[in-house]
Amino acid sequence: MTSNALSDALSNVHAATPLIHCITNFVAMNSTANALLAIGASPAMLHAVEEVAEFTALADALSINIGTPSSTFAEGMVSAAHTAARTATPWVFDPVAVGATTFRQTLSERLLAFTPTVIRGNASEIMTLAGLTGRGRGVDSTASADEAMDAAIALAGRQHCIVAMTGEHDIVTDGRKHLRLYGGHALMPRITTLGCALSATVAAFIAANDDHLSATAAALACFAVTGEQAGRDAAGPGSFQVALLDALYQLTPASLAGAARLEVLA
Amino acid sequence: MTSNALSDALSNVHAATPLIHCITNFVAMNSTANALLAIGASPAMLHAVEEVAEFTALADALSINIGTPSSTFAEGMVSAAHTAARTATPWVFDPVAVGATTFRQTLSERLLAFTPTVIRGNASEIMTLAGLTGRGRGVDSTASADEAMDAAIALAGRQHCIVAMTGEHDIVTDGRKHLRLYGGHALMPRITTLGCALSATVAAFIAANDDHLSATAAALACFAVTGEQAGRDAAGPGSFQVALLDALYQLTPASLAGAARLEVLA
Amino acid sequence: MTSNALSDALSNVHAATPLIHCITNFVAMNSTANALLAIGASPAMLHAVEEVAEFTALADALSINIGTPSSTFAEGMVSAAHTAARTATPWVFDPVAVGATTFRQTLSERLLAFTPTVIRGNASEIMTLAGLTGRGRGVDSTASADEAMDAAIALAGRQHCIVAMTGEHDIVTDGRKHLRLYGGHALMPRITTLGCALSATVAAFIAANDDHLSATAAALACFAVTGEQAGRDAAGPGSFQVALLDALYQLTPASLAGAARLEVLA
């Protein structure tokens, strides 16, 4: 994968303004919508079982995040994922804190049956989904990305999907080809729902690009590069958030290609 | 309408600190509450059918936005709108993405029966409500404000209400008298829920002013003027949002009257 | 209580990174999670009755805020509070606008039965809980902190808990020992959900410290000190919010001890 693949992927998002249907948690709804608008996509946040199937069929991609689940939301998520599978709409699954409760594990199993295009999580979430023992407590991961790499590859192979595992370094794999991304900033774990916004951004990239592996890597590279930029002058998480949205908005395909640090592992 | 009418309308909001009951979507709740506080109103966000009727009766105005509807929220909205009609409390209806799903259309029809004081939407939402073919997909409008002007006038006449249709230019009409407002900034569509916050701001203005047409125009003028100001130095949507809240807070009646660009069409 | 007690309390939060289970209102979820991350705690926002008991048992403290209640949320709150009582997990109760509707009063009575460790509210909320006549309308208090002091002491005595009553000055009392805190900034009431974020911050402090009275005072002192700092250069509520998060993140135990203004009343 060349840096051209990353810049092309961002150009295609800019050109397509893909409509992204997001069913996400309450904490992340506003920041996710703003991240999508900043990168050039068109967000739509709706979740009710009364309307999601109708809407998913219109959308260019779907992003489902189980951060604040409930029985009613679960029905909307299943209906949307089912519609995505039926209409061949690409979709991203973000299994927030799946290791924390039985309710999340059961819901995740129902959703995995609808074959997500990409699973985006931290190391402990990916390890839990892969059937390994996650050691995270709650939403933050305590396993290193390297330790969890085997889990990511196994999960991608079993689910026939792409796994994007984010942490200090990011890993993207389809089970056969593996990429590692560097970048970001130490302040990023101190800001809520950046990972959720990233999952929806992956949805925008797979909506606008046919090569889903490089599209996923490009979405992660956008956050790694703009996170690095935002961290340069930020005095803390408040100014970091402002700078990150500005940087996502200003990011050009050329600057993405120039600043991304991507390593092809296999 | 003179620029004095606009400055008086803002002075009255500052003097009254009107209590605004908002039933809005999950994405917009925080930004809407902050916009109301910045402009000098007192927001209250609550939606449960168990309590909304009791609360709407206490409020100075009500704002209903269907951005993330569900069956339970729908019951709260209907109860609140019914209370507003019964107690002659002015209220604003924001029909987010009404063209996108049948569920939203049915809910909107139920709410319109309680005679909103103002309907605030983009061109495709107004056209859908007017029974014309909306061409928007999702929450963003693709019809121009000029094309949709006839729909706005027809809707206002049929519903006996004020229609505020926002876009590159804004239109305010009660079906007989029509106003056009200029201002804002190209970054505004790149920030989520500004329109939702504007609808609640209209509620604050009609709560504090008897002339609802000029009050609605004044609320729109506040966003047009402060949007223009915020855009001057913003590096992107992050810094724009910060600057907009600061500008709404700093806005004086005199600076509103001096900067607003309002054209009386009929 | 010495200023050492405040700096020790913050050091303990930094060292423990306590996991705080928050069931809060939709308006406050994002800002509360960000405040907890900035101060060094680990937030988890989840509410469904299907999973809260399992999660509360894992958490270091619980924070319940009834700002946007519903029947389904109420069941989650009761289940979480019950678990906290059963597992001796410290918890904070934030009775937002309890005087406004019967639904909130009934829910508050159910929750008080599970003996919160701390109740954090404004004067009219505390007065309502104490059985006195609250004169607030909605979420903003119109009674002065001094007038409500008797109510706070009575409530603390009756509930065998700590009461933290915030306003122009803050009062912390366990019914016998009373503290008054000075600081903050006039812009703080113009920003939504700062009080909600403070309640969750109190939860972080009582999770990491055994002396709950000084821990509560320390949490309030963090907001009083950083609020004062953030107000110094803020042009309005937008820049204030950014500066407050940055200041919470940068706050050191030494700077807290140096800047806090705490008066022991009895």
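Between chain C and chain A, 12 residue pairs are in polar contact, both partners at pLDDT 80 or more. A polar contact here is a pair of N or O atoms within 3.5 Å; within protein, one must be able to donate a hydrogen and the other to accept it, and residues adjacent in sequence count only if both atoms are side-chain atoms. This is a predicted model, in which local features need pLDDT of at least 70 and side-chain atom pairs count only at pLDDT 80 or more, while totals for chains, interfaces and linings use all residues. Residues are numbered from 1 along each chain as its sequence is written, chains are lettered from A and ligands numbered from 1 in the order in which they are written, and side-chain values use heavy atoms, with hydrogens and water left out.

**Chain C against chain A**

- Here 30 residues of chain C touch 30 residues of chain A, where contact means heavy atoms within 4.5 Å.
- The two chains bury about 2300 Å² between them, and 56% of that comes from carbon and sulfur atoms; buried area is the accessible area (1.4 Å probe) that two parts lose on being put together, summed over both.
- Leu37(C), Glu51(C) and Tyr249(C) provide 22% of what chain C buries against chain A, more than any other three residues.
- There is one salt bridge between chain C and chain A, a salt bridge being a side-chain nitrogen of Lys or Arg within 4 Å of a carboxyl oxygen of Asp or Glu.
- That pairing joins Arg104(A) to Glu51(C), with the closest N and O atoms 2.8 Å apart.

**Chain B against chain A**

- Chain B and chain A each bring 30 residues to their contact.
- About 2400 Å² is buried between chain B and chain A, 55% of it on carbon and sulfur atoms.
- The salt bridge count for chain B and chain A is one, and the side chains involved are those of Arg104(B) and Glu51(A), at 2.7 Å from N to O.
- Across the interface of chain B and chain A, 12 residue pairs are in polar contact, again with both at pLDDT 80 or more.

**How the copies are related**

**Nonpolar core**

- In soluble globular proteins, nonpolar side chains tend to be buried together.
- The largest nonpolar core has 280 residues, and those touching the most other members are Leu111(A), Phe205(A), Leu111(B), Phe205(B), Leu111(C) and Phe205(C).
- Such a core is a set of buried Ala, Val, Leu, Ile, Met, Phe, Trp, Tyr and Cys residues joined through side-chain atoms within 4.5 Å, with buried meaning under 20% relative accessible area, exposed over 50% and partly exposed in between (1.4 Å probe, protein chains only).
- Beyond its neighbours within four places in sequence, Phe205(B) has contacts that include Ala9(B), Leu10(B), Val13(B), Ile39(B) and Cys222(B).

**Cysteines**

- Zero disulfides are found over all chains, a disulfide being a pair of cysteine sulfur atoms within 2.5 Å.
- The sulfur of Cys196(A) has its closest cysteine sulfur in Cys22(A), 11 Å away and too far for a bond.
- Cys196(A) counts as buried, at 12% relative accessibility.
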